[in-house]
Amino acid sequence: MTEAAPAVEHAEPTLRLRGVGRRFGGLLAVDEVDLDVVHGERRAILGPNGAGKTTLFNVICGDLSASTGTVEIFGEDVTKKPARYRAKMGLARTYQQSRLFDGLTVEDSIYLAIVGVEGGRLRPVLVPGKEREIRERAREAAGRVAISHKLGEMVGSLSHGEHRQVAIAMALAAEPKALMLDEPASGLSRGERQLLTELLLGLDRDITLILIEHDMDIALRVAESVTMMHDGRVIVEGTPDEIRANETVHDLYLGRGYGHE
Amino acid sequence: MTVDRTKLATERVIGVAALVVAVLAPTLFSAFWLNSILTQALILGIGAASLIFLSAYGGMISLAQTGLMGIAGYALANMVTQRVPGGETKGLLLGWDPTVGLVAAILLTVGIGLVFGAVASRSYGIYFLMLTLTYTVIAFLFVGSVTLIGGFSPVAGVDTYTPGFIGDIVTDRERLYYITLITAVFVYLLVRYLVRTPFGVSLQGIRDEPVRMASLGYNVALHRTIAFGIGAFIAALAGVLSAWWFGQLSPTTMGLDATIQMLVIAVIGGLRRIEGAWLGAIAFLMINNEITNRIPSSGLPVIGGTFNTVIGFIFLAIVIVSPDGLMGLWDRMWDALRRRGGPPHAEPEGGEPAAVASS
């Protein structure tokens, strides 16, 4: 199933889903999903709106619990573990609607991403050395996504594109082992997309990347393997080339309907 | 940027001036003003600060603060007052050492606050508001119905059993004023410091996006619980001072009227900045004082009604004109200045149109 990925040689599983389902009342948003992502892989998850991609992300990161099945991260069964536990294991993500801290500055936001995994979250005193170190790392992360000039600005006053930059800086600052990005390019200008693509291509190979993206140019350029979802289920997996050639994918994206495979 | 700096400098000057006036107050104001307006404003301000701390930095609007104040006062009153021959004081009359009683009352209130906070820590918005109102109602009914610790008649004489370092506050009201002032400055500095620490910045993150904070590795419920405990600590300080100021405790100190009054003070001052607590309290008491002096006891001309009518109108006007209270009005004034007089490159890409997403 995943032989296509070149990173398979050191195939320590980063993510392993078995029979994962998520039900909202009568709606089965995610249905019996098996998914394996290995260390260092670049995986894109594609599919039309309502395919269950974001719900799957939420189940993986722990914002939602799985109704059925098991979620394993870095070889550990975390099905019953809260989101914060998974974050501390090294799983970072961004959200489709950026979900940022409007009332905090850019620097404070990135600072929180680091404190979240570093410990000392409840510390009610300022330890100058620690503060300096974390703030330094926060500024460095801001530099990586070219948002350094806005460090002191309130996040709520920034543009949409800048929100995306902040979200990615926050995810990177936590120095995650696995990074999940939910439509990072949506709403970005052409130039911003170019920058994003370069950033993703230049990402440390030790970081596993899982990407939901509607922009096929970006998704198929960055990803080495692609999982195609529809109606909550995985329908195709393969390399970008295989996906491009796949008729079902064409049907789905051209809107001719699915079901006559 | 320059406007922000001017604003900060102006606020510093005003803050220092206010502090100087506060320190010199006993020489500047009459004994009535000092005791009835300023001391009470500082105490109510500390109570409102516990509410505003939770709302401004934690996004939690709590109606439990008056309840917690009352709990601290009642705990203190029951612990320190003694049985006097021929006296008819209510309560347990434990007669503990006042210093022990003071510490124990504050610790007990913080403990109860942590329990309250833990139960409410997964609730947001209106549900949080209702739960915290329930806490105050529980406290009110508890002290009212358990005659052993008080009942509906007041527990008296708290102010005569103060620790040595507090001294005689019954005859020396100036002393009580300064104790209150020091506590208020302490609370203000405490909050200003806390919100810059990892705990405080995290709390603000939780205020804005609790779900995001959880996926960043934070235990949101624990964080909110501890914040509520800190709010309870501040409320306990206000409760103790209030008990000393009144000299006696009755359930009405944590009744619905007192709860609404605390909320009104916080809203008039502004729920988003801690300074609003004392601004709201002094405004509230001054309006109260003016109206009581000017309006005949028969009520306002034509429409009738008294203090509550006027404060109701003021409350309404503030909520409509400036939902963030007087502090919000102040902030908006500076925002307007920034837009008009700020440097031309202040916000060049303010309304950058988002590119159309391809899908």
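Tutor: Start with pairing: two strands count as paired if DSSP finds at least two bridges between them. Helices (H or I, at least four residues) and strands (E, at least two) are DSSP runs, numbered from the N terminus. The model is predicted: local features need pLDDT of at least 70, side-chain atom pairs count only at pLDDT 80 or more, and totals for chains, interfaces and linings use all residues. Residues are numbered from 1 along each chain as its sequence is written, while chains are lettered from A and ligands numbered from 1 in the order in which they are written.

Student: How many bridges join strand β1 of chain A to β2(A)?

Tutor: Strands of a sheet pair through backbone hydrogen bonds, either parallel or antiparallel. Here β1(A), residues 13-24, runs antiparallel to β2(A), and eight bridges join them.

Student: What is the order of the open sheet of four strands in chain A?

Tutor: The order is β2-β1-β4-β5, with antiparallel pairing. The edge strands are β2 (27-38) and β5 (76-77) of chain A; each has a single partner strand, so one side of each is left without a neighbour in the sheet. Next, follow the other pairs. Five bridges link β1(A) and β4(A), again antiparallel, with Leu17(A) opposite Val71(A) in β4(A). Two bridges join β4(A) to β5(A), also antiparallel. There Glu72(A) faces Asp77(A) in β5(A). The hairpin of these two strands, β4(A) and β5(A), has two residues between them, and Phe74(A) takes a positive phi near 50° in this hairpin.

Student: Where does helix α1 of chain A lie?

Tutor: Residues count as in contact if their C-beta atoms, placed from the backbone, lie within 7 Å. Helix α1(A), residues 53-61, lies across β1, β2 and β4 (68-73) of chain A, at about 65° to β2(A).

Student: What does the domain assignment of chain A give?

Tutor: Domain bounds come from an automatic or database domain assignment. For chain A this gives domain 1 (1-90 + 176-261) and domain 2 (100-174). Ten residues of domain 1 of chain A are in contact with nine residues of domain 2 of chain A. On the domain 1 side, α2 (83-89) and α6 (190-201) of chain A give two or more residues. The domain centres, taken over C-alpha atoms, are separated by 26 Å.

Student: Is Ala167(A) buried or exposed?

Tutor: Count neighbours: a residue is buried if 20 or more other C-beta atoms lie within 10 Å of its own, exposed if 12 or fewer, and partly exposed in between, with C-beta atoms placed from the backbone. Ala167(A) has 24 within 10 Å, so it is buried. Ala167(A) sits in helix α5 (160-173) of chain A. Beyond four places in sequence, Ala167(A) touches Thr94(A), Ser98(A) and Leu100(A). The C-alpha atoms of Ala167(A) and Thr94(A) are 6.0 Å apart, across 73 residues of chain.

Student: Which residues have the most contacts inside the largest nonpolar core?

Tutor: A nonpolar core is a set of buried Ala, Val, Leu, Ile, Met, Phe, Trp, Tyr and Cys residues joined through C-beta atoms within 7 Å. The largest one has 172 residues, and Ile110(A), Ala169(A), Ala72(B), Leu76(B), Ala236(B) and Val240(B) have the most contacts inside it. Helix α9 (220-246) of chain B gives the most to this core, 17 residues. Domains 1 and 2 of chain A both give residues to this core, so it lies between them. Leu76(B) touches residues including Gly101(B), Val158(B) and Val240(B).

Student: How many residues of chain B are in contact with chain A?

Tutor: 28 residues of chain B are in contact with 38 residues of chain A. Helices α7 (198-208) and α8 (210-215) of chain B each supply at least two residues of the chain B side. The largest share of that side, eight residues, comes from α7(B).

How values were computed: Two residues are in contact if their C-beta atoms, placed from the backbone, lie within 7 Å. Axes are lines fitted to C-alpha atoms, for helices over the stretch in contact, and angles run from 0 to 180 degrees between N-to-C directions.
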